Amino acid sequence: MFVSTDCLSVRIGADPPARLDKALARDVPEAAALSRTRIARLIAGGAVARAGAAVTDPKARVAEGDVIEITLGAAAEVETRPQAIPLDVVYEDAALIVVDKPVGMVVHPAPGTPEGTLVNALLHHCGDSLSGIGGERRPGIVHRIDKDTSGLLVAAKTDRAHHALAAQFERHSAERAYLAICHGVPDAADPRLRGVRGASFEPGGVLKLTTQLARHRTDRQRQAVCFEGGRHAVTRARVLEGFGGAALLECRLETGRTHQIRVHMAHAGHALIGDAVYGGRRRAGKAMGAAAAEALNGFPRQALHAAVLGFAHPEDGRPLRFEADLPADMAGLLAVLRG
């Protein structure tokens, strides 16, 4: 049984799609922020009615002028439990929250990490301010960063904010810039790099990597560069500071694929420092000096930090832009390299 707490009335407009679910997806007010998946669940749950009678068939025919009543239930509590885990909150309002995620924190619970995740922490921190995402009282994770990558991440508190933010990430209008430390120094004058398929240089010495990305054929936990199939991926990398055997990069994402920067930089021959998955056993040479080589070879995770995040506020459209300083481990590594 569906417990009624709020009701939405929708009048079907002219020339409606033949199916109820498609007609509702078209005519439900945008402010209601009901996704097609949520509409399908509401129909199946008996929460959609016409002339007082429940309609549970998504293929039911509708006509112009039909009034459809949708009963919206209270957001259900999720099984993931809230945990009082400290968060570095950069910005928060009624619609969203931006946090600076620390190294080692998984974003979303999974079989191997059911607790101690960012979602657990957000459930505790946000509490009753979560109005529900897809019918559940939970934060809406719009994008993710790897466990061992630090930096900025935005989560939505409401369905409406979740849809609006997800749309910005899907059309690549959100600004995302990362700081990374890689092996070697990418150089437009390097003939080897110019021979790498998918690599090109833009004005200002910006390395552009354009490929497809897909799951690795033999290791399903990894991504791999390909040029047929897969998903389109574009990364731009600019050298901010070179140290001979390593470089500090600013990487900007035109697309946001899993492990994109890590895979692309390894493909270019400039794998990230500390990246055991994509960097192989590559080690810094003694020519950099004993202290620098030791610091580079001993760095325990991929040297990658989500430093800049920008997007339009999902409620009023005002531009928001945030920056997060390098975490202590990357700042310390740079101090050694500069020394």
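How many Å separate the centres of domain 1 and domain 3, taken over C-alpha atoms? Point 2 gives the figure.

1. Basis of the note. This is a predicted model, in which local features need pLDDT of at least 70 and side-chain atom pairs count only at pLDDT 80 or more, while totals for chains, interfaces and linings use all residues. Residues are numbered from 1 along each chain as its sequence is written, and side-chain values use heavy atoms, with hydrogens and water left out.

2. Domains. The chain is assigned domain 1 (7-71), domain 2 (88-171) and domain 3 (176-307 + 326-338); such bounds come from an automatic or database domain assignment. Between the centres of domain 1 and domain 3, taken over C-alpha atoms, the distance is 48 Å. A box of roughly 80 × 45 × 40 Å, taken along the principal axes, holds the C-alpha atoms of the chain.

3. Make-up of the chain. The chain has eight helices and 18 strands. Helices (H or I, at least four residues) and strands (E, at least two) are DSSP runs, numbered from the N terminus. Of the 339 residues, 45% are buried, where buried means under 20% relative accessible area with a 1.4 Å probe, protein chains only. Among contacts with a separation of 6 or more, 64% are between residues 24 or more positions apart; a contact means heavy atoms within 4.5 Å.

4. Helix 6. This helix (residues 260-267) is largely enclosed by the rest of the structure, because six of its eight residues are buried. The buried residues are Q260, I261, R262, V263, H264 and M265. Their packing partners are strand 11 (175-183), strand 13 (206-215), strand 14 (223-226), strand 15 (231-242), strand 16 (246-253) and strand 17 (304-312). After helix 6 comes G269, with a positive phi near 85 degrees.

5. S150. Which strand contains S150? S150 lies in strand 10 (residues 150-156). S150 counts as buried because its relative accessibility is 2%. The side chains of S150 and H305 are joined by a polar contact of 2.7 Å. A polar contact is a pair of N or O atoms within 3.5 Å; within protein, one must be able to donate a hydrogen and the other to accept it, and residues adjacent in sequence count only if both atoms are side-chain atoms. Leaving aside residues up to four places away in sequence, S150 touches K101, V103, I145, R301, L304, H305, A306 and P327.

Key:
Buried < 20%, exposed > 50% of the residue type's maximum accessible area, 1.4 Å probe, protein only.
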